[in-house]
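Let's take a walk through a protein together, going from the whole chain down to a single residue.

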Amino acid sequence: MINQDIVGAPVGMLDDHLRGEMGPPSERRSFARSPITRPIPRFSEAEVWFENDETARFVLDLNGRVLSSNAAARALAACGMLGSGGVFICSSHRNRLELDMLLQRLADEREKAGRILFRAGDDAWCILDIVTAPEAPNRAFASVRPVKPLDEGKVAAVGGVFGLTRVEKSVLVRLTSGEAPKDISRKMDMSIHTVRSHLRSICMRMGVKGINGVLRLSFLMA
């Protein structure tokens, strides 16, 4: 029912009446819905470090299945390089057999850690380090990092072990930087046949087969 005292009342009087009915702002009832507060998940410092580390890290079982991974590792999985479909390295990958053999040695406790060098692209290589810990049985902790070109000092150290000549070391420096034999030929001003002759000599001295074998051993030793 409308209060007859306020019918036709001036606007100012009406406002004063309504303020009196409703009370001061501090006493008025608010009908706004309170925001929903959800608990903020708490993470340990180790979990925060693991997730945000720039190095790609995986936790595996000893069959090579991915149990957990951080953001950098998931990015590698998303581009299909590794970690796809819950498997760390797919069965068709050229290094899968090498990985299986390493995981078996870790499972048998013949080794506590191991390293694999694998090709991640035409001119890209990555180093995979895997370790186990007594506190986490049946688990392996893997980290993947790209391989940087070897500088002359590191190549000189590798070359010294195998008795490489000065020219062979120069060829190896360019080879580990991703240069193809034809590029080495042009930059070192020698024929492609001479470059290939040096490569054959490097392979023989290092006891490996082909350029991939030379690169693999050089990176692992460096």
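A quick word on the ground rules. This is a predicted model, in which local features need pLDDT of at least 70 and side-chain atom pairs count only at pLDDT 80 or more, while totals for chains, interfaces and linings use all residues. Residues are numbered from 1 along each chain as its sequence is written, and side-chain values use heavy atoms, with hydrogens and water left out.

Now for the big picture. The protein has nine helices and five strands; helices (H or I, at least four residues) and strands (E, at least two) are DSSP runs, numbered from the N terminus. Follow the sequence along and you'll read the pattern α-α-β-β-α-α-β-β-β-α-α-α-α-α. Of its 222 residues, 32% count as buried. Buried here means under 20% relative accessible area, with exposed over 50% and partly exposed in between (1.4 Å probe, protein chains only).

So where do nonpolar residues gather? The largest nonpolar core has 23 residues, and those with the most contacts inside it are Leu175, Ile202, Val214 and Phe219. A nonpolar core is a set of buried Ala, Val, Leu, Ile, Met, Phe, Trp, Tyr and Cys residues joined through side-chain atoms within 4.5 Å. Strand E4 (125-131), helix H5 (152-162), H6, H8 and helix H9 (210-221) each give two or more residues to this core. H8 supplies the largest share, five residues. There's also a second, separate core of 20 residues, which includes Leu60, Ala73, Leu76 and Val144. In soluble globular proteins, nonpolar side chains tend to be buried together.

Next, find helix H6 (residues 166-176) and helix H8 (residues 192-206), which pack at an angle of about 95 degrees with their axes 10 Å apart. Axes are lines fitted to C-alpha atoms, for helices over the stretch in contact, and angles run from 0 to 180 degrees between N-to-C directions. H6 and H8 are therefore roughly perpendicular to each other (under 35 degrees is roughly parallel, over 145 roughly antiparallel, 65 to 115 roughly perpendicular and the rest oblique). On the H6 side, the contact (heavy atoms within 4.5 Å) is made by Val167, Glu168, Val171 and Leu175, and on the H8 side by His198, Leu199, Ser201, Ile202 and Arg205.

H6 has another partner: its axis and that of H9 come within 11 Å and cross at roughly 90 degrees. That makes H6 roughly perpendicular to H9 as well. Here Leu172, Leu175 and Thr176 of H6 meet Ile211, Val214, Leu215, Ser218 and Phe219 of H9. The buried residues of H6 are Glu168, Val171, Leu172, Val173, Leu175 and Thr176, and they pack against H5, helix H7 (181-187), H8 and H9. Just after H6, look for Gly178, which takes a positive phi of about 95 degrees.

Leaving aside neighbours within four places in sequence, Leu175 is in contact with Ile184, Leu199, Ile211, Val214 and Leu215. And Leu199? It's found in helix H8, and at 8% relative accessibility it counts as buried. With neighbours within four places again set aside, Leu199 is in contact with Val171, Leu175, Pro181 and Ile211.
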